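Hi everyone, thanks for coming.

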Amino acid sequence: MNPKLPYVLLVGAAVIIFILSCMLLSRGGRSPSCESQASVVEKTGSVSQSLVFADLTAEEMSQVVRYLRGHLGVPLVEASRANPSDNCIASVDVQVPAKAEVLRFLDGGGARPPREALAVLYFGKQAEPNITEYVVGPLPAPAYHRDVTVHKYGGKVPYHRRPTLAVEYKQIGGFLKSQVFPSAPAFMQQVMEYDGSNLAFVTAAPRGFQSGDRVTWFVVFQNVSGFFVHPVGLEVLVDHSSLDMSQWAVSRVFYNGQYYRDMAQLESAYVQGRLSVEKVRKAPWDGDFSSMKPRAPRAAPFPVQFEPQGPRYSVRGNQVLFQGWSFAFGMSVSTGLRLFDIRHKGERVAYEISVQEALSVYGSNCPGGMSTRYMDGSFGLGRYTSPLVPGLDCPYLATYVDTHSLSDSLRPRKRKASLCIFEHNLASPLRRHYSNLQSLYYGGLVNSALVIRSIATMGNYDYVWDFIFYQNGAIEGKVQATGYPSSSFLHGDGLRYGNRLWEHTLGTIHTQFFNYKVDLDVGGVKNSLVAHDMAFEMTRAPWSPEQQIERPRLTKKVLDTEDQAAFRLQSKMPRYIYFAANSKNKWGHQRGYRIQITSFAGDHIPEASSMERAISWARYQLAVTRRKEEEPTSTSIYNQNDPWTPTVTFADFINNETITNEDLVAWITAGFLHIPHSEDIPNTVTVGNSVGFLLRPYNYYDLDPSIYSHDGVFFTSEQDFTACEINPLACLPKTASCLPNFPPFTYDGFRNM
C-alpha cells in the first residue's frame, strides 16, 4: 500500500467536511422554497363554454379593422390622426350574444352563437355626419356587417354626440398654443410665465347648454407632477363645434373671478392695469406639495401574503375557478370590468355582473368646475384601465392578466397586467365560536376570498374596481376611489364650494356615483322580488296579561311592479330585499339572494335640470326591472356630450311592468360625497372612500355552504389541538415554513403611451 494514501484520504475527507460546512453555513438555516401542490379546485363549466363571453383577441380586432376598411366603400383615417371632418373607427369591442342564445348553448346543448364584434365609427366626411355602430362577424374571418344603430337607438346618432377622441384634445391644445395664447403676449409671459410647455389643460364636460353644442371650458394648470391641484386662475371656453378646425373660436375667457370676451380683451385689461393679478408661485417639476415621492426613508418591508403550496384557484382563458365558484370575466372598453355566468357549487346565481358608469358632479365658483358632470363611461372605463403594480395595486404573487383594446386607433393595444386575480386572507374569521359553557370547544373558518380587480385612471381619479367571492356564497362588488382631487383657483367666495388645500388651490365639492348591472338568476332565470323587514308589535305577556311586551316581528311583501321596485336615492328601502326563486330550500322557504348596498351618497342633481334624464339612473339606489335585450346598459357613451337629448334614458326603463316570475335585473347605485380637505394632499386615500354592494344567499342553501370548506377548524378541550391531524393550524409551522418564489419586479405602465 502506498504510505501516502492514508494522508490523501484524510485530506480529502477534511475538504469534503469543509465544503459541507460552508454549504450549511451559507444556508443560514433558511427554509426551503415553497412548492406548488395540486390545488383543490372544483371543476365546474368548461373553458370552451366561457369563451362565448371572451374579449376580442388582438388578431380578431385587426381582422375587423381590415374587413371594415375593405367593405364600407369609404376611406377610414387612422383615428389618432383624424380631423373632425374625417371618417374613422372610434372603437372595436366584443358583441356579447343575446342571453337566450347563450343559455341555449350553455344549458340546452344548442349551437354556439356566432362570435361577433361591435364597431363604433365616426362618419365626419358625409353629407350628414353621424355615428354608426356595426356588428361584424363571424370571427375570426368576418364575412358580414350590419348597421345596428337605428335598431338600438331609434335613429342615427347625431355627430355632435360623439365622445371626444384623444386627437381632438390634441388639436384643441394646438389651437390654444398657436392662436389663442399669442393674442395675449404680455399677460401670458409676465403672469403665466408661459414658455410653450409649462401649462396643462383639463377639460370640463358636458360641452355647452343645449343639444348640438360642442363648447368646452378648458381649465389651465401648471404642467408639473400632480398638476390637478396647481390651478393658475385662467380658463378658456373653446367652441369646437365646427368640423372645419379653422372655424374654431374662443367664446369666453375667465381669469381670477372675472370674465372676458377673449384673450385680447384680457390682454388689454392687463396692459392698462385694470386686471386684478394673482400671480402663482412657479412650482418645481415634481410639483412640490403635490409630489407623491415619499417624504420618509425606507424602513423594514411591509407584510406580504403568499401561498405556501401555490394558488388554490385557477385561471384558464377567461374562466376562473375557486372553492366552488366559477365565472367568466371580460373588460368592456367603455364600462370596464364585467363578469358572466357566475356559478356557485355548479349552479348559476348570476348571468351578468358589470360596472355601468361612474359619475361625478362638481361645484365651484369657477366656470370649468361648476359646469363639470363627468360620465366616465364616455371616456372609457376599460380604455383607461391602468397597468397594475405588483405588491401595491395587487399582491405581488397575484395572477396578472393582459387585456387588449382598440380605440382611437386602427391597431389594437395590449395593456400588460391590467387585471389581477388573487386569493386574499382577510385576517379575520368568516365565522367562529369559542364555547366555554357546557362543552368546551373552538370552531371557525378563516375568511379567505377570491378577488378580481382592475384599476381605471380617469384623469385625476383612480378607481379600484373589485369583485370578491366568499366561501359562504356571497359576492361583493366594491369600488375604492383614490388619485388627485380636482381643484379650482381659489378666489372670492370659493370657500362656499370646498376647502382650501394650498395657497391658491380650492378642493371642489363633488358627488361620486357608481352604477352596476346585476342580472341575478336565482334557481333559474325566472325570479320575483321580495322584501322582508321588521316592525314592532305590542302584545300582552301570556304568562302575565297585565304586562305589555314590544316585540319585533317579520314583515313580508312581494314587489309586483317596476314602480314598486324603484327606490329613490335617499328613501327608506327594506333592509332585506332579495331575488326569490320558484324553488324552496329544505325548510320550506323560497331560495333567494339578498341585495345589500353600502353607500354614503350625496344628493342627486335636481330632476328639473335640463340634463338630469341623461343620468337618471342616479335617482335610484336600487331599481329592479324586467330584463330586455334592448336595455343592455343604464346609460350610453353618447350621453356625455349631449345630455340634453340623451341617447339612453334609464328612467324610461321603469314603466310599471310586472316583475313577478320574470327574468329580472337589479340596477344598483352606490356613491359618496367628497369635500376635499387638506389630507387629500398630495393625494386622496382609499380609506373611507369605498362603496358597493353585497349579494348574499338568503335561504338559498339548507345551511351555510362554507361548512364544507377545506379550511375549517374544530377542536375540543379533550383533543390534542397541537396535533396536525386534529388542527390544521398546528400544521402551519411545517406546511407554511417555506420561502415564496418572488419573480423579478416588472412594470410596463410607461410603454406604448
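**A buried pair, and what surrounds it**

Let's start with D341 and R343, which are both buried, where buried means under 20% relative accessible area, exposed means over 50% and partly exposed is in between, using a 1.4 Å probe and protein chains only. Their side chains meet in a salt bridge, with N and O 3.0 Å apart. By salt bridge I mean a side-chain nitrogen of Lys or Arg within 4 Å of a carboxyl oxygen of Asp or Glu.

Quick housekeeping: this is a predicted model, so local features need pLDDT of at least 70, side-chain atom pairs count only at pLDDT 80 or more, and totals for chains, interfaces and linings use all residues. Residues are numbered from 1 along each chain as its sequence is written, and side-chain values use heavy atoms, leaving out hydrogens and water.

pLDDT is the predictor's confidence in each residue, from 0 to 100. The protein chain averages 93, and 94% of the residues score at least 70. Over residues 17-28, though, pLDDT stays under 50.

Which residue does D519 pair with? D519 forms a salt bridge with K99, the closest N and O atoms being 3.1 Å apart. D519 lies in strand β25 (residues 510-520) and K99 in helix α4 (residues 99-107), so this pair ties together parts 420 residues apart in sequence. Those helices and strands are DSSP runs, numbered from the N terminus: H or I with at least four residues for helices, E with at least two for strands. Both D519 and K99 are buried.

K99 also has a salt bridge with D663, closest N and O atoms 3.0 Å apart. D663 sits in strand β32 (residues 662-674), so that pair links parts 564 residues apart in sequence. D663 is buried too, as is K99. Through shared partners, salt bridges join K99, D519, D521, R627, E629 and D663 into one network.

Now the domains, whose bounds come from an automatic or database domain assignment: domain 1 (50-156), domain 2 (166-290) and domain 3 (313-537 + 544-698).

Technical notes
Contact means heavy atoms within 4.5 Å.
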